[in-house]
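Have the sequence and the 3D view ready, and follow along as we go.

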Amino acid sequence: MKESNEPALLREADTADMFSEIDTAAVRTEYELLHLMRRLIARYGFGHFMIARMPLAEQQRFSERLVLSNWPSELVRQYDACETFQSSHLVERLRFTKLPVTGGPELLDAAAKPAGEAMVHRLLAHPEMARHFAVLLHTSNGDPFIAMLSGRRDAPAGVECATLYLLLVQLFECLERTFDTGNSARERLSSREVECLRWAAAGKSSDEIAIILGISTYTVSSYFKSATRKLDAVNRMQAIARAMRLKLI
């Protein structure tokens with residue numbers, strides 16, 4: 001009896017559909033990119049993803065380097081507390097290869113084996129993140145970033161590995177377009193709009209911001225509305241989060 005190759009053909013057709021759906025010229029916001037990333041991990045059997053700036057010489061927390069992610073917030077906080085991202089096996093391995101890196105929770109442990117390594121390993125042994133697939137990507141200016149997919153499935157190999165790599169390159173190009181959008185927003189935001197966002201991020205209410213800046217509450221609200229529009233956000237909280245991610249505040 002002839003063996004059916006229908007599942008393989010369906011996977012190939014599904015992948016072709018996703019390639020055709022990624023229009024790097026059309027994706028302008030992180031929200032559109034998040035939707036595509038969620039489709040990618042669902043299609044390939046992963047549960048989580050993250051894109052982060054590659055650690056360089058300067059000290060910076062993991063959460064400050066994180067650009068796009070659906071990691072559980074508690075796990076991000078725990079990893080921040082461990083302070084191992086810069087010295088992790090993941091980062092050390094990606095420094096010396098252009099090929100994908102795969103592994104288990106140990107990838108996120110410190111390569112130098114500090115005294116608290118066992119604790120770090122336990123914190124990062126998330127049941128839905130048993131295996132990782134990571135690649136090193138670069139912006140057009142040469143800035144290095146890490147893209148990582150995590151889940152319970154086995155490590156991709158062969159054609160699937162190459163396909164995932166190419167899809168991540170395409171999606172990263174979309175992400176780089178949002179950086180351009182952020183630069184444009186940085187140029188458009190007025191100093192008053194930035195001040196209002198900065199004070200709101202510090203926990204101040206509109207009334208408190210009005211007193212601090214010596215303007216009316218109505219004027220503060222107007223600044224928030226215009227800043228929200230310029231940042232392509234739907235409300236004040238999203239505007240603050242986007243401004244922080246773009247390092248405007």
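Below we look at a sheet and then at a pair of helices.

A word on the ground rules: this is a predicted model, where local features need pLDDT of at least 70 and side-chain atom pairs count only at pLDDT 80 or more, while totals for chains, interfaces and linings use all residues. Residues are numbered from 1 along each chain as its sequence is written, and side-chain values use heavy atoms, with hydrogens and water left out.

**The sheet**

Helices (H or I, at least four residues) and strands (E, at least two) are DSSP runs, numbered from the N terminus. Two strands pair if DSSP finds at least two bridges between them. In general, strands of a sheet pair through backbone hydrogen bonds, either parallel or antiparallel.

Here, five strands make an open sheet in the order 2-1-5-4-3, with antiparallel pairing. Strand 2 (66–69) and strand 3 (101–103) sit at the edges with a single partner strand each, so one side of each has no neighbour in the sheet.

| Strands | Bridges | Sense |
|---|---|---|
| Strand 1 and strand 2 | three bridges | antiparallel |
| Strand 1 (residues 48–53) and strand 5 | six bridges | antiparallel |
| Strand 4 (residues 131–138) and strand 5 | eight bridges | antiparallel |

If you want to find these pairings on screen, Ala52 stands opposite Leu66 in strand 2, Arg53 faces Phe145 in strand 5, and His138 is across from Pro144 in strand 5. Strands 4 and 5 form a hairpin with five residues between them, and Gly142 in that turn has a positive phi of about 90°.

**The helices**

Helix 8 (residues 191–201) and helix 10 (residues 217–230) pack at about 95°, with their axes 9 Å apart; axes are lines fitted to C-alpha atoms over the stretch in contact, and angles run from 0 to 180 degrees between N-to-C directions. The two helices are therefore roughly perpendicular (65 to 115 degrees).

Residues meeting there (contact means heavy atoms within 4.5 Å) include Cys196 and Leu197 in helix 8, and Tyr223 and Phe224 in helix 10. Val220, Phe224, Ser226, Ala227 and Thr228 of helix 10 are buried. Just after helix 10, Asp232 takes a positive phi of about 55°.

Note on methods:
Parallel < 35°, antiparallel > 145°, perpendicular 65-115°, else oblique. Buried < 20%, exposed > 50% of the residue type's maximum accessible area, 1.4 Å probe, protein only.
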